[in-house]
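Hi everyone, thanks for making time for this. Have a look at it first, and then we'll go through it together.

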Amino acid sequence: MGSVDPVEALRETAFWLERERASSYRVEAFRKAAAALGDLPPEEISERARTGALGRMKGLGPRTTTVVEQALSGEVPAYLSDLRERNTEPLASGGTEVRKLLRGDLHSHSDWSDGGSSIEEMAGAAAWRGREYQAITDHSPRLTVANGLSRERLEIQLEVIAEVDARLDDLTLLTGIEVDIHLDGSLDQDDDLLGRLDVVVASVHSKLAMDAPSMTRRMLAAVANPHTDVLGHCTGRLVEGGRGTRRQSQFDAEEVFRACADHGVAVEINSRPERQDPPDELIDLANELGCLFAIDTDAHAPGQLDFLDHGAARAAARDIDPDRIVTTWPLDRLRTWLDRSR
């Protein structure tokens, strides 16, 4: 492959590291370097490289400086070339045909809440990876640990998303929210604002160990809310990763999934490797009850957008009809479904 712009080389390096689930420290080094150079004219970057001033810039270290210098010399940086070679295969075995059918993703986060990159960078990566549409669904106010968006911040974000979307040629950027489900089943944002969004993913993030009858009532109320489009990571479990493990919450899955089918709410197949949520037996039950599904990445960084591979493999293994996966639908059909109760 040909040479690359030095800032894009830094961003692409970070992407592949995120895809590989490398340490956040390694990823952040390349993202910080890209940010440090992002506003500089190309000729100034070249001049700083010529005079040896790059390595003295805040945000650049020896490895990131080498990547920039090699890109400026007209070659693909060796580190980036190695990452490209290591990332030629899908992240999961199986699910190839389902993966080919996926057109978009209804659950991702930006640096407006607990994601690591800007809306523009998330959108650019989604377009580069062939998405037709991508939803930005940052957290709602109650989840303060994730810098959840107040009404005022979300209204500003809607304007930003519209501006970014207007600059995109091959991707439609959808507005959205991952809204917390309160203990009484109500949703953690004002109804009128939820009605303005393209996508509402409703998820339980607190009191995951509550008794099954209470959790069932809580989830049923959220599913019945006319604003809810997707039931996110329904059990809240964690099966691996840096946060450790967490048992799945207990609820009457048959009753909840019947409600999802009745209300046209999609059950999310969360593609994050540490979640693998729902468990296989619950995917089977939701499938048996006629639910729709949304294969989503829950990406918190650009490189995690490729996590769709994991969700596609799980959907294929459970023999889900691709036509019942809303993220295989073209945008006009998807919008008709999303607008069903707006």
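One definition before we start, since I'll be placing residues by element: helices (H or I, at least four residues) and strands (E, at least two) are DSSP runs, numbered from the N terminus. Please also keep in mind that this is a predicted model.

Let's begin with the inside. How many residues does the largest nonpolar core have? The number is 83, and L37, L231 and F257 have the most contacts inside this core. Helix α1, residues 6-19, supplies the largest share of the core, with seven residues. As background, nonpolar side chains in soluble globular proteins tend to be buried together.

Take L231 as a way into that core. Leaving out residues up to four places away in sequence, L231 touches I181, A202, M219, V223, V256, C260, V265, A266, V267 and E268. There is also a second, separate core of 15 residues, and L106, A266, A294 and L334 are included in that one.

Staying in this region, let me point to T228. T228 is located in the loop between α10 (212-224) and β5 (230-231). Is T228 buried or exposed? With a relative accessible area of 1%, T228 is buried. Its contacts, setting aside neighbours within four places in sequence, are L187, V200, A202, A222, V223, V265 and R340.

Searching the whole structure turns up five aromatic pairs. One of them joins F15 and W128, edge-to-face, at 4.9 Å centre to centre and with 70° between the planes. This pair links distant parts of the chain, as F15 belongs to helix α1 and W128 to helix α7 (residues 119-128), 113 residues apart. The two partners also have their own accessibility values. F15 has 2% relative accessibility, so F15 counts as buried. W128 has a relative accessible area of 43%, which makes this residue partly exposed.

Why do W16 and W128 count as edge-to-face? Their ring centres are 5.7 Å apart and their planes are at 70°, and the cut-off for edge-to-face is over 60 degrees. Here again the pair links distant parts of the chain, W16 in helix α1 and W128 in helix α7, 112 residues apart. W16 counts as buried because its relative accessibility is 6%. Put together, F15, W16 and W128 form one aromatic cluster.

The charged end of R129 sits over the ring of W128, at 4.8 Å from the ring centre. Elsewhere, R63 lies over the face of Y79, 4.4 Å from the centre of that ring.

A packed pair of helices is described by the angle between the axes and the distance between the axes. For α1 and α7, the axes come within 12 Å and cross at roughly 75°. That angle makes α1 roughly perpendicular to α7, because 65 to 115 degrees is the range for that label. Which residues make the contact? From α1 they are R11, E12, F15 and W16, and from α7 they are E121, A125 and W128.

Let's move on to α12 (280-288). In α12, the residues L282, I283, L285, A286 and N287 are buried. The cover over these buried residues includes α11 (253-263), β6, β7 (293-296) and α13 (308-317). After α12 comes G290, with a positive phi near 85°. The peptide bond from D277 to P278 is cis, with omega near 5°.

N147 is not a glycine, yet its phi is positive, about 55°. N147 is in the loop between β2 (133-136) and α8 (151-166), and its 37% relative accessibility means that N147 counts as partly exposed. K207 also has a positive phi, near 50°, in a residue other than glycine. You'll find K207 in the loop between β4 (199-203) and α10. At 56% relative accessibility, K207 counts as exposed.

Methods:
Residues are numbered from 1 along each chain as its sequence is written. This is a predicted model: local features need pLDDT of at least 70, side-chain atom pairs count only at pLDDT 80 or more; totals for chains, interfaces and linings use all residues. Side-chain values use heavy atoms; hydrogens and water are left out. A nonpolar core is a set of buried Ala, Val, Leu, Ile, Met, Phe, Trp, Tyr and Cys residues joined through side-chain atoms within 4.5 Å. Buried means under 20% relative accessible area, exposed over 50%, partly exposed in between (1.4 Å probe, protein chains only). Contact means heavy atoms within 4.5 Å. Rings of Phe, Tyr and Trp (its six-membered ring) pair if their centres lie within 6.5 Å; planes under 30 degrees apart count as stacked, over 60 as edge-to-face and the rest as tilted. A charge sits over a ring if NZ of Lys or CZ of Arg is within 6 Å of the ring centre and within 35 degrees of the ring normal. Axes are lines fitted to C-alpha atoms, for helices over the stretch in contact, and angles run from 0 to 180 degrees between N-to-C directions. Angles under 35 degrees count as roughly parallel, over 145 as roughly antiparallel, 65 to 115 as roughly perpendicular and the rest as oblique.
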